[in-house]
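User: I would like to go through some labels assigned to this model and hear what each of them rests on. Please set every value against its cut-off.

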Amino acid sequence: MQVPQPTIPKAVTVASPSFGAGDRIPERFTCKGAGSAPAFNWVGVPKQARALALVVADPDAPRGTFLHWLVTGLDAADGGIEEGGSVPAGGRQWPNSGRSARWVPPCPPSGTHRYFFGVYALDAPVDAETTQQVLDEIGKHTIAWGTLLGLVDH
């Protein structure tokens, strides 16, 4: 999977009450625990944004970047996702690397893995049919973005 890496500066701040930036993600959010999605929020979405997308990915997976969660159609405003991963009204979940349209908890096979929770402000809603097309559309339409990094050890 090719996850969007915009060249524009990060302007959206992504944070979590569950863990700090660059900190370990608590075990309860991994495959060793309940595996529910951590709560997180974002601020700094520009007023001209028409939609938001969420991408959670592990670039350290053995076979290349593993997409844990992909959601489009989120309200183009400051907001967040509650613990457990309930997608707000209007949001659409897309198939992840495990081919399921849902949150997949971190479960690194070895070592320490980085998990990036990316929020992308878009100038147009995503219009695509496949996961890779969605990621490509996010890359083309991002006007602001931000990420939160969490770590998980095997």
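User: Why is Trp103 called buried?

Analyst: Buried stands for a relative accessible area under 20%, exposed for over 50% and partly exposed for what lies in between, using a 1.4 Å probe and protein chains only; Trp103 has a relative accessible area of 8% and is therefore buried. This is a predicted model, in which local features need pLDDT of at least 70 and side-chain atom pairs count only at pLDDT 80 or more, while totals for chains, interfaces and linings use all residues. Residues are numbered from 1 along each chain as its sequence is written, and side-chain values use heavy atoms, with hydrogens and water left out.

User: What makes the pair of Trp103 and Phe117 stacked?

Analyst: Rings of Phe, Tyr and Trp (its six-membered ring) pair if their centres lie within 6.5 Å, and planes under 30 degrees apart count as stacked, over 60 as edge-to-face and the rest as tilted. The centres of Trp103 and Phe117 are 6.1 Å apart and their planes stand at 25°, so the pair is stacked. Phe117, with a relative accessible area of 1%, is buried.

User: How many aromatic pairs does a search of the whole structure find, and which form does the pair of Trp69 and Trp103 take?

Analyst: The search finds six aromatic pairs. Trp69 and Trp103 form one that is edge-to-face, at 5.6 Å centre to centre and 70° between the planes. Because Trp69 lies in strand β4 and Trp103 in the loop between β6 (92-93) and β7 (112-122), the pair ties together parts 34 residues apart in sequence; strands (E, at least two residues) and helices (H or I, at least four) are DSSP runs, numbered from the N terminus. Phe19, Phe40, Trp42, Trp69, Trp103 and Phe117 form one aromatic cluster.

User: Is His68 buried or exposed, and what does its side chain reach?

Analyst: His68, found in strand β4 (residues 66-74), has 4% relative accessibility and therefore counts as buried. A polar atom of its side chain lies 2.7 Å from the backbone oxygen of Val104; a polar contact is a pair of N or O atoms within 3.5 Å, where within protein one must be able to donate a hydrogen and the other to accept it, and residues adjacent in sequence count only if both atoms are side-chain atoms.

User: Why does Gly44 count as partly exposed?

Analyst: Gly44 has 40% relative accessibility, so the label is partly exposed. Its place is in the loop between β2 (40-43) and β3 (51-58).
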